[in-house]
Amino acid sequence: MILAFGRCVSAQTKDSNNGWESIPVDQWTDAEVKSILENSAWSWRMKGRNVDSFPGGGIGTIVSELYSTFTLESALTVRLAKIRKLQLNEKYDAMNAKDKAAFNKKYKSSMECQLCEKFYIIAIGGDSRTLRNQVTIQRRVKLIYLSNEKGERRTLGNFSPQTHSGTVALFFFPRKNEKGQPLLTTDNTKLTFNFPYEPDDEPLIRLIERVEIPLKDIVREKIVIF
């Protein structure tokens, strides 16, 4: 299963400068998987600062750092990296044929990701009470959307909240409009994730209020990898 998908990615990414893109998927190491999931065009860690001032209270100013992760969850690159991470954790390379077959069967649905065919999926991590609140997200559902540089949009179609600070919230946006046209093609230049910040939101939400991605960074062999 992974070899077939791996050949696909290798063909699509052969002109990239990222080291892991020139290596077959079944040879990715922990370091290469980490690079994809933490510092690539498809997934990265965002950092910000929050400043709280307490005039007259004797406390002064408290500066805290904010962290969030932003991942194009439906991208084949990300799915391959997550499967390879599981392989490394479960010692897949040393398994016999029977155990490899069992592994492939166990994670087949995760790799194929039927929802990825219908939706652009974005995963956001970080300690956020907003992203753990289904009601809060549903209230502003029409204001959460993906857009391209032409102003074309896909509003939020579904949402899966964080369950605790170590998990991610999943945002699902329909790939196609009523005419069957995708939001993103290689003719586009920019993808933007739009999430309205409200006064009651914690400061971390500022990090994801508007996230822009140059589309050329996620295009390989004339295919948008998302």
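Predicted model: local features only at pLDDT ≥ 70, side-chain atom pairs only at ≥ 80, totals over all residues.
Side chains of opposite charge can pair when their charged atoms come close. Searching the whole structure turns up 13 salt bridges.

D93 and R84 form a salt bridge in which the closest N and O atoms are 3.0 Å apart. D93 has a relative accessible area of 48% and is partly exposed. R84 has a relative accessibility of 2%; it counts as buried because that value is under 20%.

The next pair is E198 and R139, a salt bridge whose closest N and O atoms lie 3.1 Å apart. E198 sits in the loop between β8 (190-194) and α8 (205-208), while R139 belongs to helix α7 (residues 134-139), so this pair ties together parts that are 59 residues apart in sequence. R139 has a relative accessible area of 54%, and it is exposed because that value is over 50%.

D201 pairs with R140 in a further salt bridge, with 2.9 Å between the closest N and O atoms. D201 is found in the loop between β8 and α8, and R140 in the loop between α7 and β4 (145-148), so the pair ties together parts that are 61 residues apart in sequence. Both D201 and R140 are buried.

The residues of these last two pairs also belong together: a network of salt bridges links R139, R140, E198 and D201.

Conventions. Residues numbered from 1 in each chain as written. Heavy atoms only, no water. Salt bridge = Lys/Arg side-chain N within 4 Å of Asp/Glu carboxyl O. Buried < 20%, exposed > 50% of the residue type's maximum accessible area, 1.4 Å probe, protein only. Helix = DSSP H or I, 4+ residues; strand = E, 2+ residues; numbered from the N terminus.
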